[in-house]
Amino acid sequence: MRGEPSCPRCAGRVRAPGLFSDTWQCDQHGAVHPMQPVLPPSVEALGVAVARSQVPVWLPWPLPVGWLFTGIAHAGDDVSGARATAVACSGPAPLGGFGELVLIAEELGVGLGARYAGLAGPDPGDSVSLYKPADAKLLAAGRPTPMFHVPEAPSDRAVFVGEARGLWLWAIVWPETSALMMYDELVLTDLRDAGAELELLPCGALSPRLLG
């Protein structure tokens, strides 16, 4: 059974637009872009999400050896389209064991990235600064993108944040030691530009990280 939309910042219940408000409302956070229920990963589900997204749908492409696409979540409704996307992939960690990566693209103030990062949010605040050197760099749609480590994140994960295509880009990895993959200059593709290549994407089981 399909679940109900929720607040992207706290996962609480939201009220649909009605007589007294033309926006989705969370009792704690006010007007929000509702987070839609997470669906099991498949090429078909990903294609639908990509087609309606107003923001990038980032994924390392090609995926690192042994890694799989493990789900997508998004915040937005049928009127506005997706205003935030979170894409998960999983595979062998750099130091052995199992690693997970969630990449979030979002508009200012949505708060989905901060939620997955374990931060109060909604935005990264002082973690991103033009006056300090980047902690890591990646390529996003062919453009070098500085990424800044967020030290306030919980100890079980490593959180990096930057800007790509004028929007927030979050990269969150579990466990914290898997942060080593952020120093290998990951190459990200916006899946809205991938076309027929989406059909080649290997899928795994749904990542529990997207349900957090």
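Which residues does Ser178 touch, not counting residues up to four places away in sequence? Ser178 touches Ala93, Pro94, Gly99 and Val173 (contact means heavy atoms within 4.5 Å).

The model is predicted: local features need pLDDT of at least 70, side-chain atom pairs count only at pLDDT 80 or more, and totals for chains, interfaces and linings use all residues. Residues are numbered from 1 along each chain as its sequence is written, and side-chain values use heavy atoms, with hydrogens and water left out.

**View 1. Ser178 in its loop.** Ser178 lies in the loop between β11 and β12. Strands (E, at least two residues) and helices (H or I, at least four) are DSSP runs, numbered from the N terminus. Ser178 is buried, at 1% relative accessible area. Buried means under 20%, exposed over 50% and partly exposed in between (1.4 Å probe, protein chains only).

**View 2. An aromatic pair.** The count comes to one aromatic pair. The ring centres of Phe160 and Tyr183 are 6.1 Å apart and the planes stand at 85°, so the pair is edge-to-face. Rings of Phe, Tyr and Trp (its six-membered ring) pair if their centres lie within 6.5 Å; planes under 30 degrees apart count as stacked, over 60 as edge-to-face and the rest as tilted. Phe160 is in strand β10 (residues 158–164), and Tyr183 is in the loop between β11 (167–174) and β12 (187–190), 23 residues apart. Phe160 is buried at 0% relative accessibility. Tyr183 is partly exposed at 45%.

**View 3. The largest nonpolar core.** This core has 37 residues, and Leu46 and Leu101 touch the most other members. A nonpolar core is a set of buried Ala, Val, Leu, Ile, Met, Phe, Trp, Tyr and Cys residues joined through side-chain atoms within 4.5 Å. Elements giving two or more residues include α1 (43–52), β5 (68–77) and β7 (98–106). The largest share, four residues, comes from β11. Leaving aside neighbours within four places in sequence, the contacts of Leu101 include Pro60, Trp67, Val87 and Leu186.

**View 4. A three-stranded sheet.** The strands form an open, antiparallel sheet in the order β1-β2-β3. Two strands pair if DSSP finds at least two bridges between them. β1 (14–15) and β3 (30–32) are the edge strands, each pairing on one side only. Three bridges join β2 (residues 24–26) to β3. Gln25 has Ala31 as its bridge partner in β3.
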